[in-house]
Amino acid sequence: MTTTPARIQRRRTKGWSLQGAADPIRGGVIVSRPSRYGNPCKVGLMQEMGYEDPHAAAAENFRTWLAGSRSDAPTDEADQRRERILAGLPELRGKDLACTCRHDQACHADVLLHRANMPAAELASWINVVRARVDRQRAARGEEPMYAPAV
């Protein structure tokens, strides 16, 4: 087993279990699409759009979206989904993350691993920056802020 949290390829074969695949001490969390931490950007859509590497495009889209970009999804639903992920990042600290992406493909789980395992103060600061960025974009569109009290 590795000493740092890792990405695990989730399998849908008989007998596969997260408990058997993740480090027995750290444990693991499934972060594939239907989970709380799933990537809202679909690989199939990236493929339809003509990206040469749709997995890399979806992972990059997730990275920028999680960092507060509303350009591709300027909706309350997308903002609330981002907030659920941001609020849950500390729960992922130190855990292996399982997604169906192969290890030779880019995956949003790599983004989650990086962010969740930042030093706690740095993660909290980054989350505050993301929340402020979302509120600035909402205000620019004439929408109520999500985090700051309405004035």
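Glu-143 comes out as partly exposed, at a relative accessible area of 23% (buried means under 20%, exposed over 50%, and partly exposed in between, with a 1.4 Å probe and protein chains only). The model here is predicted, so to speak of local features a pLDDT of at least 70 is needed, side-chain atom pairs count only at pLDDT 80 or more, and totals for chains, interfaces and linings use all residues. Residues are numbered from 1 along each chain as its sequence is written, and side-chain values use heavy atoms, with hydrogens and water left out.

Glu-143 has a salt-bridge partner in Arg-138, with 3.8 Å from N to O (a salt bridge being a side-chain nitrogen of Lys or Arg within 4 Å of a carboxyl oxygen of Asp or Glu). Arg-138 itself is buried, at 7% relative accessible area. As a general point, side chains of opposite charge can pair when their charged atoms come close. Across the model, the count of salt bridges comes to 13.

Another of these pairs is Arg-131 with Glu-83, whose closest N and O atoms are 2.7 Å apart. Arg-131 sits in helix α6 (residues 120-140) and Glu-83 in helix α4 (residues 76-92), so this bridge ties together parts that are 48 residues apart in sequence. Helices (H or I, at least four residues) and strands (E, at least two) are DSSP runs, numbered from the N terminus.

Arg-7 counts as buried, with 11% relative accessibility, and Asp-110 as partly exposed, with 35%.

Away from the charged pairs, Leu-45, Met-49 and Tyr-51 make up a nonpolar surface patch of about 320 Å². Patches take residues with over 30% relative accessible area and no salt bridge, joining like charges within 9 Å and nonpolar side chains (Val, Leu, Ile, Met, Phe, Trp, Tyr) within 5 Å; the areas come from the Shrake-Rupley method with a 1.4 Å probe, and for residues only the protein chains shown count as cover. Tyr-51 is in the loop between α2 (43-48) and α3 (54-66), and counts as partly exposed at 43% relative accessibility.
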